[in-house]
Amino acid sequence: MIDASQPASSTSQVADLPSGAEATVCALTGGHDFCGRIANLGFTLGAPLRVRQNYGRGPVVVALRGTLVALGRAEARRILVAPRGAT
Amino acid sequence: MSEPVRTSRTLPQPVAPPVRPNLRLVHCAGPEDDPRAAAHPDALTVALVGQPNVGKSTVFNMLTGLNQHVGNWPGKTVELKTGVFEVEATTVKLVDLPGTYSLTANSEEERIARDFLIGERPDVAITVVNAAALERSLYLVAELLALDVPLVIGLNMSDVAEQHGIHVEAHVLQAALGIPVIPLVATRNEGIRELVAAAYRLALQPAAFRPNRPAIRAEHQPILDQVVVLLDGCACQRYPASWAALKLLEGDEEVTREIQGSTPPALWEEIHGILLKHEDAYLDIAGGRYEWIGRMVRAAVTSPRAGAITHTDRIDRVATHPVLGLLLLLGIFGLAFGLTYAIATPLSEWLSGVVLTGLIALADAVLGTAPAWPSGLVIDGVIGGVGTVLIFLPILAVFFAVLGILEDVGYLARGAYIMDRFMHLMGLHGKSFLPLFLGFGCNVPAVMGARILEERRARMLTILLAPLVPCTARLAVLAFLAPAFFGSSAAAATIGLVALNLGILAVTGIAVNKMAFKGEQTAFIMELPLYHIPNLRTVGLYVWNNTASFLRKAGTLILLASAVVWILSNVPGGNVETSILAAVGRALAPVGELMGLSDWRIIVALLSSFFAKENTIATLGVLFGAPEAGSALATQVAAILTPGARLAFLAVAMLFIPCVATVATIKQETASWKWTAASIGLLLIISLGAGVVIYQLARVFGM
């Protein structure tokens, strides 16, 4: 796990954000493989993203760097974010 | 792998005045600076690189058209597409590298792409980027710049970007990057010629390539330098030291393994010590690349106001909605099959009518005086086989056209997204839906399509399940026999049998996942492309490549099988009743008995489906002496079976062991006889089990 630059209280998982929420990536958790793949896709520390669709179960869709990325629920839990503007 | 097609063709004449490669540049540098700068090289190798969903294959298709060859990378299960075109009397070999997001060895595709760029050293690389997702597309460019290959950028999909309110100034981007940036709308063939001209110029003049290369973050530079120095001292690997050092810092498994194996232990200890202290550098390197990209695009891109609603947003409100999206998927599914049969059925009838009549007349004319057996072999055996192929070909072509359109529009990824929840029950995720869906066309591409799955476990399970998807050949058998078998309840029986297949697929998936894989889950990360208008050429070539590979199989296996069945049914003695085939069928009759299928001809028809599923009908035709495969044949077959046995027969035909082409593909893709045998054994047990259960249940209910 990579150190979060935000205090723990203000971070949440992408999976917890409602549709339409905007946030900034502040940490990735999980193995090197997963973190590397997701970082190559643009989920780097400080990257702004918007949750495009989250129905509370099943996969979520995230808009990031001009693309739409579908993430399984488990993967969406491994990306920690801070709400936009909180930084 | 066979040799790529060597025929060549000149580029279509453009509407705009042609951009002539600027040969004066060559003279400025002086040919003595670079031996390759001679005026007109005979041949050039150009690599086409790009991330998925940037329109790379459209560019490839526009450049090479039918002069393309689809094969496999030597010893790999990744598709290799090469093509040839001519520019300025130079033959250009274009190699379409697999679509990859980065050049870190996360997957086979990425390894192949970078090994080609490093090992084969193409004269120039054309990289296609998506203007609507510029930052993400440029990530690959940032990686490519670490390699020593001259680059030209094709800025594609500007039209899609404009629809989303994104405007990219190509010349501003070009100035920032120091790389030629050519605006393209590949689907309309705009800018392709200019792109080629720019690549050609660069190939003649590689020394002119002085790009602005991304630098690693300041805090990591000394570490990188240290590793480079250590690697330089040993010069023992095939990679350039600076690139290898960067990949070591990124924790690239393959490069790490290779360097570890090729450096003296003491040196490796030293390098490894440095790497251990900076284990998380890979995230900073990725972050650093995106920061660099941010600086590059800042002046060139005008972005839309935040929260603008796009076409894609509007369509996805339905297409990715958990309930509406599922209904839409089912609707599209139904439409795909409705359309396939509505268009293909008349085509099939026309084709088999015209061609078969002609062929039989021809055979009669040629073999008129010949003895009875060769004309029997040709007319009933071979031409009967041709008939089966012809019935089936339009169905396959139309299905692939529908699939190609859905893919090119960007819808298929949504289907995968919607199916993710269901696929999780089998320990798979949404991406597995894509190859399985392909299976409705033909199981061979379905098994090959499992390559898109990153994890071996998911790939193996998907390959195991793919033959349980009823392919068009089996659906054609079903559609042919069901009306005569079940009369007015034919539709219900057909739907029931397809549902049975899919139900068994789901149960098998859940069971295998629980038993063999202990319910592990795999990561689901998939890009949803923006919707765009499909390109006819891309769809056309997709259909062509898929039907052509079917025809190659049909041209050999189906005709051969059909001829073999005819011979076996006529030897010895020229009488079906006493033939070898009859003997085999009768020997297996006790097994058939359990399913109400005691007639040996029915058993032989099932066995012959191993050569190709559509053979079931051809064989019945030969054995019942009705080569035309009309509805009379179905009625004849129905007459010798009880309703319960008819249902059992179709269930077994639908679930029976995969055809020989699929088996060969399974062996090739899994590289394991054990998996191949497991796949055959599993389907044999499932199909016979289903047949017995259905027949015995039907008997209980008095059918």
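Predicted model: local features only at pLDDT ≥ 70, side-chain atom pairs only at ≥ 80, totals over all residues.

Modeller: Let us begin with two helices of chain B: the axes of helix α6 (residues 170–177) and helix α12 (residues 281–297) come within 8 Å and cross at roughly 130 degrees.

Colleague: Why is α6(B) called oblique to α12(B)?

Modeller: Angles over 145 degrees count as roughly antiparallel and 65 to 115 as roughly perpendicular, while the rest between these ranges are oblique. The crossing angle is roughly 130 degrees, and therefore α6(B) is oblique to α12(B).

Colleague: Which residues meet between α6(B) and α12(B)?

Modeller: B:L173, B:A176 and B:L177 in α6(B) meet B:W292, B:M296 and B:V297 in α12(B). The residues of this contact divide into six nonpolar, no polar and no charged.

Colleague: What makes B:F333 and B:F437 a tilted aromatic pair?

Modeller: Their rings lie 5.4 Å centre to centre, with 40 degrees between the planes. Rings pair if their centres lie within 6.5 Å, and planes under 30 degrees apart count as stacked, over 60 as edge-to-face and the rest as tilted. The value of 40 degrees therefore makes the pair of B:F333 and B:F437 tilted. This pair links distant parts of the chain, with B:F333 in helix α14 (residues 324–367) of chain B and B:F437 in helix α17 (residues 433–438) of chain B, 104 residues apart.

Colleague: Why is the pair of B:F437 and B:F440 called edge-to-face?

Modeller: The planes of B:F437 and B:F440 are 65 degrees apart, and the centres are 6.1 Å apart. Since planes over 60 degrees apart count as edge-to-face, the pair of B:F437 and B:F440 is edge-to-face.

Colleague: How do you know that B:F437 is buried?

Modeller: Buried means under 20% relative accessible area. B:F437 has a relative accessible area of 5%, so B:F437 is buried. B:F440 is buried as well.

Colleague: Which residues have the most contacts inside the largest nonpolar core?

Modeller: They are A:F43, A:L49, A:L71 and B:L138, in a core of 246 residues. Helix α15 (residues 372–409) of chain B gives the most to this core, with eleven residues.

Colleague: How much of chain A is buried?

Modeller: Buried residues make up 57% of the 87 residues in chain A. This chain has two helices and six strands, which run β-β-α-β-β-β-α-β from the N terminus on.

Note on methods:
Residues numbered from 1 in each chain as written. Chains lettered and ligands numbered in written order. Heavy atoms only, no water. Core = buried A, V, L, I, M, F, W, Y, C linked by side-chain atoms within 4.5 Å. Buried < 20%, exposed > 50% of the residue type's maximum accessible area, 1.4 Å probe, protein only. Helix = DSSP H or I, 4+ residues; strand = E, 2+ residues; numbered from the N terminus. Axes fitted to C-alpha atoms, helices over the stretch in contact; angles between N-to-C directions. Parallel < 35°, antiparallel > 145°, perpendicular 65-115°, else oblique. Contact = heavy atoms within 4.5 Å. Nonpolar A, V, L, I, M, F, W, Y, C, P; charged D, E, K, R; others polar. Phe/Tyr/Trp six-rings, centres within 6.5 Å; stacked < 30°, edge-to-face > 60°.
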